[in-house]
Amino acid sequence: MSIEITMPRLSDTMEEGTLVKWRIKPGDEVASGDHLADVETDKATMELQAFDDGKVAALAVQEGQTVPVGSAILVLAEDGESLEDAAGAL
């Protein structure tokens, strides 16, 4: 089962975030705590960290794109899941 990562609410007043820079690319292995991206909020630019382990199947947001909190921004494939199957979850 794929893991969908969404734009988090990084401050109490945050309604949307801008993905400033990806620190990963499709095919990369990630572990909990890894730095995935830099996100600009209404107050500051912050690091987005992984909370799950997996392999990056797809990036749903381009650098510079602004999306609402809760929108899918990337998908991770779990162990044994193909990247293509996981990417289809977007």
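Predicted model: local features only at pLDDT ≥ 70, side-chain atom pairs only at ≥ 80, totals over all residues.
**Entry 1: salt bridges**

I began with a definition: a salt bridge is a side-chain nitrogen of Lys or Arg within 4 Å of a carboxyl oxygen of Asp or Glu. By that rule, I found that the structure holds four salt bridges. Residues are numbered from 1 along each chain as its sequence is written, and side-chain values use heavy atoms, with hydrogens and water left out.

**Entry 2: the overall fold**

Along the sequence I read the order as β-β-β-β-β-β-β-β-α. The radius of gyration is 12 Å, close to the 12 Å that the globule rule gives for 90 residues, so the protein is as compact as a globular protein of that length. That radius is taken over C-alpha atoms, and the globule rule is 2.2 Å times the number of residues to the power 0.38. I also noted that the C-alpha atoms fill a box of roughly 40 × 20 × 20 Å along the principal axes.

**Entry 3: inside and outside**

What share of the 90 residues counts as buried? I noted 34%, where buried means under 20% relative accessible area, exposed over 50%, and partly exposed in between (1.4 Å probe, protein chains only). The protein exposes about 5100 Å², and carbon and sulfur atoms supply 45% of this area. I then turned to contacts, which are heavy atoms within 4.5 Å. Among contacts with a separation of 6 or more, 56% come from residues 24 or more positions apart.

I looked up Glu15 and found it paired with Arg9 in a salt bridge, the closest N and O atoms being 3.8 Å apart. Glu15 counts as exposed, at 56% relative accessibility, while Arg9 is partly exposed at 47%.

For Asp28, the salt-bridge partner is Lys25, with the closest N and O atoms 3.1 Å apart.

Lys55 and Glu29 also meet through their side chains in a salt bridge, at 3.6 Å from N to O. This pair links distant parts of the chain: Lys55 sits in strand 6 (residues 54-59) and Glu29 in strand 3 (residues 29-30), 26 residues apart. I noted Lys55 as partly exposed, with a relative accessible area of 30%, and Glu29 as exposed, with 57%.

**Entry 4: two loop residues**

Where is Gly70 found? I located Gly70 in the loop between strand 7 (66-68) and strand 8 (72-77). At 45% relative accessibility, Gly70 counts as partly exposed. Not counting residues up to four places away in sequence, Gly70 touches Thr6 and Met7. Glu15 came up again here: its C-alpha atom and that of Gly70 are separated by 9.2 Å, although the two residues are 55 apart along the chain.

My last stop was Ser11, in the loop between strand 1 (3-6) and strand 2 (16-22). Is Ser11 buried or exposed? Ser11 is buried, with a relative accessible area of 14%. Leaving aside neighbours within four places in sequence, I found Ser11 in contact with Asp42 and Lys43. Ser11 and Ala44 are 33 residues apart in sequence and 9.3 Å apart in space, C-alpha to C-alpha.

Notes: Helix = DSSP H or I, 4+ residues; strand = E, 2+ residues; numbered from the N terminus. Areas by Shrake-Rupley, 256 points an atom, 1.4 Å probe, with all protein chains shown as cover.
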